[in-house]
Amino acid sequence: MPDSKNDKPLDEMSFEDAIRELEQVVTQLDRGDVALEDSIKLYERGAALKARCEAKLKEAEEKVAQITLDAGGNATGATPVEGL
């Protein structure tokens with residue numbers, strides 16, 4: 001497959017790593033100079049990276065949603081999110 005392949009398992013990738021690789025995949029697919037079989041592999045990798053990014057964003061949103069504020073609007077802590 002073209003040079004966007006990453007040996008790091010998806011479930012160990014940070015959001016930043018996953019989005020960076022996803023951008024590389026999109027760039028390669030946009031160029032259109034990738035063989036059909038490689039394009040399919042890139043598309044599959046891109047779909048998996050997109051899912052990883054969405055999961056990491058959801059985790060972050062849930063954490064932010066659990067931040068507790070005092071009467072003055074200052075963060076006072078966070079309520080643990082179940083399952084994280």
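Residues are numbered from 1 along each chain as its sequence is written. In this predicted model, local features require a pLDDT of at least 70 and side-chain atom pairs a pLDDT of 80 or more, whereas totals for chains, interfaces and linings use all residues, and side-chain values rest on heavy atoms, with hydrogens and water left out.

The protein chain has a mean pLDDT (the predictor's confidence in each residue, from 0 to 100) of 84, and 83% of its residues reach 70 or more. Two helices and two strands are present, assigned as DSSP runs (helices, H or I, of at least four residues; strands, E, of at least two) and numbered from the N terminus. Their order from the N terminus is α-α-β-β. Confidence is highest in helix α1 (residues 15-31), with a mean of 96, and lowest in strand β2 (residues 75-78), with a mean of 73. Where pLDDT is low, the predicted coordinates should not be read in detail.

The chain comprises 84 residues, of which 20% count as buried; the classes are buried (under 20% relative accessible area), exposed (over 50%) and partly exposed (in between), for a 1.4 Å probe and protein chains only. Accessible areas were computed by the Shrake-Rupley method with a 1.4 Å probe, and for residues only the protein chains shown count as cover. Of the contacts (heavy atoms within 4.5 Å) between residues at least 6 apart in sequence, 49% join residues at least 24 apart.

The largest nonpolar core consists of eight residues, namely Met13, Ala18, Leu22, Val25, Val34, Leu42, Leu49 and Cys53. Such a core is a set of buried Ala, Val, Leu, Ile, Met, Phe, Trp, Tyr and Cys residues joined through side-chain atoms within 4.5 Å. Helices α1 and α2 (36-65) each supply at least two residues of this core. When residues up to four places away in sequence are not counted, Cys53 touches Phe15, Ala18 and Ile19.

On the surface, Val64, Ile67 and Leu69 form a nonpolar patch with about 290 Å² of accessible area together. Patches are made of residues with over 30% relative accessible area and no salt bridge, like charges being joined within 9 Å and nonpolar side chains (Val, Leu, Ile, Met, Phe, Trp, Tyr) within 5 Å. Val64 is located in helix α2 and is exposed, with a relative accessible area of 56%.

Side chains of opposite charge can pair when their charged atoms come close. With a salt bridge defined as a side-chain nitrogen of Lys or Arg within 4 Å of a carboxyl oxygen of Asp or Glu, the count comes to eight. In helix α1, Asp17 and Arg20 are three residues apart, about one helical turn, and their side chains form a salt bridge with an N to O distance of 3.1 Å. Asp17 is partly exposed at 25% relative accessibility, as is Arg20 at 45%.

Helix α2 holds two further pairs of this kind. Lys50 and Glu54, four residues apart and thus about one turn of the helix from each other, form a salt bridge in which the closest N and O atoms are 2.7 Å apart. Lys50 is partly exposed, with a relative accessible area of 45%, and Glu54 is likewise partly exposed at 44%. The side chains of Lys56 and Glu59 meet in a salt bridge of 3.4 Å, N to O. Lys56 and Glu59 are three residues apart, about one helical turn; Lys56 is partly exposed at 25% and Glu59 at 27%. Salt bridges with shared partners also join Lys8, Asp17 and Arg20 into one network.
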